[in-house]
Every structure is written in structure tokens, then in C-alpha cells.
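Try each task yourself, then read through the worked solution.

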Amino acid sequence: MARPEVVLVGVDGSAASTHALDWAVAWADRVGWSLHLVSSYTLPSFTAASLDGGYAAFDDTSMAEGAKAVLDEAEERAVAAGARVTTSVATGDAAGVLVELSADHGLAVVGTRGRGGFTERLLGTVSSALPAHAHCPVVVVPLGSAKRDMWHRGVADPVVEASTGDPGAVAERDDVVPAEAVGPGGRPEVRRIVVGVDGSPQAEAALTQAIEQAQAWGAELSAVAGVPVGSGAGLLAWLPSNIDHEQVLADVSAGLDAIIDKHEALHPGTRIRRIVLDGTGAELLTEFSTAADLVVVGSRGRGGFRGLLLGSTSQAVLHHSACPVLVVNRHCHDEGRSGG
């Protein structure tokens, strides 16, 4: 199924949301897509008067106006960068609103402060819930990656440089996106993409999406397969001592070659670097995220209660990645929406 050529972007006026918007604008410009910006608000479940046994009509006008103001500002920013934009204000939980709207979009983009704490994983936020349930691929853009954009252009924070002696140092504050890092004059760029491949259908869907991203950005693409065969606490540390760990790595490498060869044949001109290392997929992809500009992962997900969460690898990468993460979940794969 062909994906609608529209990027869905959740905006809430935060610095993280603004940086995600800039990422979406840059992507849309690369592929000629339009943007649909959404701001939502939730009505309170009770009012102060109800605590006294009475009832009070709640006027949501101010909340709606606030959401519209956020939306107008985001629209102005995107239009100034040359994007084609439509907007809408929605009532309801932000994650639920975006999940529903994702069925009519080709890509969804949201921001996150990148805290990844226990509370976030327990309660769920937009950046956690949307990748798990969306009907299209989702890009989660951590606010910290705004600093990475500064590094790409050699922009440093002189105050931090003076205090640390590091000529490339950038302030660790993450509540404000530096003006030099984003915006029409300094869009995020993607030069290096890493995708996790483990032979599963979801991973192959992620690989297809990674190839699409690499072609659009003109980026280098590396496929990484992790095999925890080390002697430490790895998942395969129980292997008998007479098992040749090097042979295990070689076998996995041969399997990765077969997958990559097939996809390179399907996409003439595409060259994908193959990397097989000792370690779990989550560990390796998180480590690679410090040098990459985009990490792409597939998520199996589960049925029942476990289906409320992403797979362990994609969840771990989302919470710890230093760069934007693109997630292709099982819904995208089942609905045929993971590739162009």
C-alpha cells in the first residue's frame, strides 16, 4: 500500500517539539511531501466545583485558543522554511490523537526531551506510545540532537568551551534549542544512518525504510547485527566452551550478507555497509547513535498487555539514543505501510 505523502507532526510549543518540527520540515523538503501539524489539549475530568458536590460548566475556550496559538507559531516557522502546511487542533490525549491520525499519513514525527526515566516508561508519553501503536513509521527526535546539528556545522558554545577547554563543547542545557542549531537557516541534516537487522520481518521492513531515508538524505547507510556471544553476561554466554564463537559471528555475517545483497539488488545504486559485532542490538545501536544522525529499528511488539509496549530493543534505543530514531512497528508491517 502506497503511503500518503504527508508528514504528521505533533506540536506543543516546547523546545523539543520545535526541533522535531525542523526535522520534519527538512525531510519534507527532501522528498517533496507536505506537513500536517497537530496540537491537542485534554479537558479536565472534573472541576473544583464538583468536589463540593456541585456541577460546573467548563469553558475550554482558553485551552483551545492556547493550542491554536501554538499551532500558528509552528505553522509560521514551517512556512517560512518553504513547507506546504495544513493544521488542526484536536481534543483528547495527544498520543491517542496522533495514533488515530497516523493511519492517514506516511510518516509521523514527534520530539522528546530524551529523559527516558522510569516514570516515562511506566506512564507512557507521546514519544513512547506513538511508536508502539502508530499505523505509519514514526521518527522520535530527542532535543539533545539539536546540539548534534551544531556540531555538524562547527558551532560551539563559547562559555562551555572556556570552562572545559573543549573547542567543540556545547552547553548541556536542554530546555532551549540554540538558535544556531535549527530553523530555516540551519536545518537538521542526516549524513549517517544505522539500521538494526536481525532477520525478522520487522527488521527487513526497517531496512526498507532505512534505504528510503538514505536515498532521500543522500546519507551513508550501515546495517548492524548484534550477537551476544561474549564470555560476560551475554545472552549466549552459556554456549559450551568448545563452540567457536568466531564461527557464530561468521554465520550471522553470512545471513546478514544474504539480506543486504537482496535489498541492494532491489535498490540499484544503493550500497549498505555490513557490521556484525559481539553485543545486543540495543547496546550496539545505542552506541552507534552517538556517531549517527538517524537510527532505524523494527519493533515486533506483542499481543495482550505486552502489546502496550514496544519490543525491548526498540524501547531501549528510543530511551537512550543520542540521535533521532525511526521505528517501524508491527502495525506498519502488517498493513504494508513500512515502505514506499
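**Exercise 1.** Work out how the axes of helix α10 and helix α11 are arranged in this predicted model.

*Solution.* Begin by finding the two helices: α10 covers residues 281-288, and α11 covers residues 312-320. Their axes come within 9 Å of each other and cross at roughly 25°. Angles under 35 degrees count as roughly parallel, so α10 is roughly parallel to α11. As for handedness, α10 passes α11 in a right-handed crossing.

Next, look at who meets whom. From α10 come G281, A282, L285 and T286, and they meet T313, A316, V317 and H320 of α11. Sorted by class, this contact has 4 nonpolar and 4 polar residues, with no charged residues.

**Exercise 2.** Decide whether S314 is buried or exposed, and find what it touches.

*Solution.* Start with its place: S314 lies in helix α11. Now check the accessibility. Buried means under 20% relative accessible area; S314 has 1% relative accessibility, so it counts as buried. Finally, set aside residues up to four places away in sequence, and you will find that S314 touches V297, G298 and S299.

**Exercise 3.** Describe the surroundings of helix α3, and find the residue that caps its N-terminal end.

*Solution.* Helix α3 spans residues 94-101, and its residues A95, V97, L98 and V99 are buried. For the cap, turn to D93: one of its side-chain oxygens lies 3.2 Å from the backbone nitrogen of A95, at the N-terminal end of α3.

**Exercise 4.** Locate H267 and find its contacts beyond its neighbours within four places in sequence.

*Solution.* H267 sits in the loop between α9 (245-266) and β8 (272-277). Its relative accessible area is 19%, so H267 is buried. Leaving aside neighbours within four places in sequence, H267 is in contact with I211 and Q215. H267 and I211 are 56 residues apart along the chain, and their C-alpha atoms are separated by 8.2 Å.

**Exercise 5.** Step back and summarise the protein chain: how many helices and strands are there?

*Solution.* Count the elements, and you get 12 helices and 10 strands. Then consider burial: 47% of the 340 residues are buried. Last, take the contacts with a separation of 6 or more: residues 24 or more positions apart account for 78% of them.

Terms used
Residues are numbered from 1 along each chain as its sequence is written. This is a predicted model: local features need pLDDT of at least 70, side-chain atom pairs count only at pLDDT 80 or more; totals for chains, interfaces and linings use all residues. Side-chain values use heavy atoms; hydrogens and water are left out. Axes are lines fitted to C-alpha atoms, for helices over the stretch in contact, and angles run from 0 to 180 degrees between N-to-C directions. Angles under 35 degrees count as roughly parallel, over 145 as roughly antiparallel, 65 to 115 as roughly perpendicular and the rest as oblique. A crossing is left-handed if the near helix is turned anticlockwise from the far one by less than a right angle, and right-handed if clockwise. Contact means heavy atoms within 4.5 Å. Ala, Val, Leu, Ile, Met, Phe, Trp, Tyr, Cys and Pro count as nonpolar, Asp, Glu, Lys and Arg as charged, and the others, Gly among them, as polar. Buried means under 20% relative accessible area, exposed over 50%, partly exposed in between (1.4 Å probe, protein chains only). A polar contact is a pair of N or O atoms within 3.5 Å; within protein, one must be able to donate a hydrogen and the other to accept it, and residues adjacent in sequence count only if both atoms are side-chain atoms.
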